[in-house]
Amino acid sequence: MISVRIFSQVLDRTIVLRLLLLELQMIYSYHPIVVVSLLVLLDLSAAFDTVDHNILLNRLKNYVGISGSALAWFKSYLSDRHQFVAVNDEVSYRSQVQYGVPQGSVLGPLLFTLYMLPLGDIIRKYGVSFHCYADDTQLYISSRPGETYQFEKLMDCVVELKNWMTSNFLLLNSEKTEVLVIGPKTSACNNLKHCLILDGCSVNSSSSVRNLGVLFDGNLSFENHISSICKTAFFHLKNISKLRPMLSMSNAETLIHAFMTSRLDYCNALLGGCSARLINKLQLVQNAAARVLTRTKKYDHISPVLSTLHWLPIKHRIDFKILLITYKALNGLAPQYLSELLSHYSPSRPLRSQNSGNLIIPRISKSTTGGRSFSYLAPKLWNNLPYNVRDADTLCQFKSRLKTHLFNLAYT
């Protein structure tokens with residue numbers, strides 16, 4: 001089954017990456033044979049700045065079905081725009097903007113997504129799975145290592161995509177396009193070399209690629225991603241520790257949340273089911289941040305400090321994000337494709353558990369890969385929640401009860 005998802009920047013990146021990771025993990029959890037996936041990340045140069053207004057209006061009229069006063073409103077929004085540079089009291093010449101959509105605006109990413117709609121027709125023609133998130137396009141296809149014709153279809157697809165982009169005033173950056181071979185650690189996969197030929201330049205497969213700010217490696221372990229987070233977090237923590245004597249408690253905590261906690265929590269739902277060794281690396285970062293903030297000595301026990309700060313440990317922060325997405329999916333607050341992955345438990349005969357609100361946990365063949373997929377991990381965590389947490393009426397109430405429950409598990 002070919003999955004087709006098109007997103008704009010107004011959606012949560014975690015959901016986009018979780019969907020891609022889910023589909024790649026399900027390939028290995030339900031297929032006992034060796035399967036290799038080829039992931040291609042296309043890079044566009046100045047994508048928002050090269051949108052042709054006439055082509056965009058044609059898309060809105062013919063693909064989306066906008067007409068009349070609504071189409072006239074979009075035409076008025078795009079026309080007669082000017083740009084200039086102002087420095088102090090000096091103002092440059094006002095030049096007319098004939099191309100592009102404002103990237104920082106609310107409509108900018110949405111209009112660019114509509115501009116890219118025909119892209120899906122081309123990709124579907126080759127039987128390639130894909131996700132589009134504004135100007136980031138992800139193509140991937142899976143097959144056995146010996147079936148190279150599947151990967152040749154992907155290469156042909158990329159060539160046609162480049163031609164389409166050229167005719168629509170979009171520039172595909174061949175040098176920054178990345179390729180990643182994803183599969184189990186076997187000799188067949190290690191010896192597999194793939195490259196795309198774009199503009200005469202060979203795009204060789206990499207050991208890891210950055211996808212929407214997350215580093216993907218060949219076996220989806222996220223080891224490189226976690227190492228990168230730790231390196232960056234400790235760099236900022238070192239600078240914060242130098243300023244700590246001059247900062248109040250509240251100001252120091254604001255700095256730590258801005259430069260460190262935001263990195264620890266970014267797309268952390270992807271880390272569900274990772275090894276304890278990798279999670280412990282992130283926990284060491286959080287422990288070090290708590291010591292700097294509270295000026296706790298190096299060998300003092302850290303759990304009471306984290307409890308006083310009301311900081312959930314890393315493992316529970318990951319579970320919190322996954323369960324939050326699960327609650328949204330069950331209550332119509334998440335995209336439909338996530339809701340379709342969850343099924344309520346309904347026994348064949350009357351049992352006391354039939355009204356418990358449990359979810360069906362699918363069977364998997366490999367716990368190291370399938371056990372990390374959303375369709376398996378989300379029901380498993382959900383079924384372990386107390387009924388009063390799952391039965392929350394609002395999202396805000398659910399978040400409050402869930403954090404209290406996880407806090408008690410961590411420190412009680």
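How many nonpolar, polar and charged residues are in the lining of the largest cavity? I wanted to work that out today, and I had to remember that I'm looking at a predicted model.

**Entry 1: the cavity**

I started by searching for empty space inside. Rolling a probe the size of a water molecule over the atoms shows where empty space is left. I found one cavity of 30 Å³ or more in the structure. Its volume is about 50 Å³. Then I listed the lining: Ile 256, His 257, Met 260, Thr 261, Leu 264, Gln 286, Ala 289, Trp 311 and Arg 317. Helix 9 (249-265) and helix 10 (276-294) are the elements that give two or more residues to this lining. Helix 9 gives the most, with five residues. And my opening question? I sorted the lining by class and got five nonpolar, three polar and one charged residues.

**Entry 2: the whole protein**

Next I zoomed out. I noted 16 helices and 15 strands for the protein. It has 412 residues, and 48% of them count as buried. For the accessible surface I wrote down about 21000 Å², with 53% of that belonging to carbon and sulfur atoms. I also checked contacts between residues at least 6 apart in sequence: 69% of these join residues at least 24 apart.

**Entry 3: the cores**

Which residues have the most contacts inside the largest nonpolar core? I got Leu 271, Leu 282, Trp 311, Ile 322, Phe 398 and Leu 402, in a core of 66 residues. Another core, of 44 residues, lies apart from it, and Val 36, Phe 74, Ile 122 and Leu 170 are among its members. Trp 311 was already on my list for the cavity lining.

I looked up helix 14 (residues 374-383) and found it mostly covered, with eight of its ten residues buried. The buried ones are Phe 374, Ser 375, Tyr 376, Leu 377, Ala 378, Pro 379, Leu 381 and Trp 382.

Then I went to helix 5 (residues 118-125), where Pro 118, Leu 119, Gly 120, Ile 122 and Ile 123 are buried. What do the buried residues of helix 5 pack against? I noted helix 2 (53-64), helix 4 (107-115), strand 8 (129-133), strand 9 (136-143) and helix 6 (149-167). Ile 122 also turned up in the core of 44 residues. After helix 5 comes Gly 127, which has a positive phi, near 70 degrees.

**Entry 4: positive phi without glycine**

Most residues other than glycine have a negative phi, and most peptide bonds are trans. That made me look for exceptions. Leu 212 is not a glycine, yet its phi is positive, about 55 degrees. I found Leu 212 in the loop between strand 14 (208-211) and strand 15 (214-217). Is Leu 212 buried or exposed? Its relative accessibility is 7%, so Leu 212 counts as buried.

His 310 is another case: its phi is positive too, near 60 degrees. I located His 310 in the loop between helix 11 (303-309) and helix 12 (314-330).

Gly 100 sits in the loop between strand 7 (95-97) and helix 4. I put Gly 100 down as buried because its relative accessible area is 8%, and the cut-off for buried is under 20%. Leaving out neighbours within four places in sequence, Gly 100 is in contact with Phe 48, Asp 49, Thr 50, Val 51 and His 53. I also checked Leu 56: it is 44 residues from Gly 100 in sequence, and 9.8 Å away in space, C-alpha to C-alpha.

Gln 283 lies in helix 10. With a relative accessible area of 14%, Gln 283 is buried. Not counting residues up to four places away in sequence, Gln 283 touches Leu 306, Pro 313 and Ile 314.

Val 214 is 14 residues from Ser 228 in sequence and 9.6 Å from it in space, C-alpha to C-alpha.

Definitions and conventions. Residues numbered from 1 in each chain as written. Predicted model: local features only at pLDDT ≥ 70, side-chain atom pairs only at ≥ 80, totals over all residues. Heavy atoms only, no water. 1 Å grid on protein atoms, 1.4 Å probe; cavity = no way out; pocket = protein on both sides within 12 Å on 5 of 7 lines; lining within 4 Å. Points joined across faces, edges and corners; volume = space filled by probe spheres on them. Helix = DSSP H or I, 4+ residues; strand = E, 2+ residues; numbered from the N terminus. Nonpolar A, V, L, I, M, F, W, Y, C, P; charged D, E, K, R; others polar. Buried < 20%, exposed > 50% of the residue type's maximum accessible area, 1.4 Å probe, protein only. Contact = heavy atoms within 4.5 Å. Areas by Shrake-Rupley, 256 points an atom, 1.4 Å probe, with all protein chains shown as cover. Core = buried A, V, L, I, M, F, W, Y, C linked by side-chain atoms within 4.5 Å.
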